[in-house]
Amino acid sequence: MSTLPVFRWRLAPDGYATRRQLRARDLRPGGQDVAAQLERPRRRGRPPLIAYLYRVDLAKPVRPMTAGRWRAHAAMMRARRSCPVCRRDAGYVIPPTLGMCVPCAFPEEQSVA
């Protein structure tokens, strides 16, 4: 087992990128293993924050969205906006803390207005 190269925060050499940085370039890791890691020190004896790096030259392009994936994404978003109590589209993503749209969660406040 070989150990990964470790770089200090913001000091990684060119040719490495995090998942987010790859995505910003329309790339994905493409099955490659983690090539290195970044460590960001923290105070008060807490363990460092770690970010994994991938090689940019081995990254693959992001797969395009197909018609089926767009339909699945639209259905997923529709489900997140649908109130389970009144069965209406709330027009926004329903907060998981409420579990229902705001008018259903707080009916007394809606009747005052």
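Two strands count as paired if DSSP finds at least two bridges between them. In this predicted model, 4 strands form an open sheet with mixed pairing, in the order β1-β4-β5-β2. The edge strands, each pairing on one side only, are β1 (6-8) and β2 (16-17).

**Pairing of β4 and β5**
- The strands β4 and β5 run antiparallel and are joined by 5 bridges.
- L38 has A51, in β5, as its bridge partner.
- The loop between β4 (36-40) and β5 (49-55) contains P47.
- P47 has a relative accessible area of 53%, and is therefore exposed, the cut-off being over 50%.
- Although P47 and D57 are 10 residues apart along the chain, their C-alpha atoms are separated by 31 Å.

**Nonpolar core**
- The largest nonpolar core is made up of 6 residues: A17, L22, L27, Y54, V56 and A59.
- Leaving aside residues up to four places away in sequence, V56 touches G15, Y16, A17, L22, R25 and L27.

**Nonpolar surface patch**
- L4, I50 and Y52 make a nonpolar surface patch of about 270 Å².
- L4 has a relative accessible area of 33%, so it is classed as partly exposed, between the limits of 20% and 50%.

Notes: Residues are numbered from 1 along each chain as its sequence is written. This is a predicted model: local features need pLDDT of at least 70, side-chain atom pairs count only at pLDDT 80 or more; totals for chains, interfaces and linings use all residues. Side-chain values use heavy atoms; hydrogens and water are left out. Helices (H or I, at least four residues) and strands (E, at least two) are DSSP runs, numbered from the N terminus. Buried means under 20% relative accessible area, exposed over 50%, partly exposed in between (1.4 Å probe, protein chains only). A nonpolar core is a set of buried Ala, Val, Leu, Ile, Met, Phe, Trp, Tyr and Cys residues joined through side-chain atoms within 4.5 Å. Contact means heavy atoms within 4.5 Å. Patches are made of residues with over 30% relative accessible area and no salt bridge: like charges are joined within 9 Å, nonpolar side chains (Val, Leu, Ile, Met, Phe, Trp, Tyr) within 5 Å. Accessible areas come from the Shrake-Rupley method with a 1.4 Å probe; for residues, only the protein chains shown count as cover. A salt bridge is a side-chain nitrogen of Lys or Arg within 4 Å of a carboxyl oxygen of Asp or Glu.
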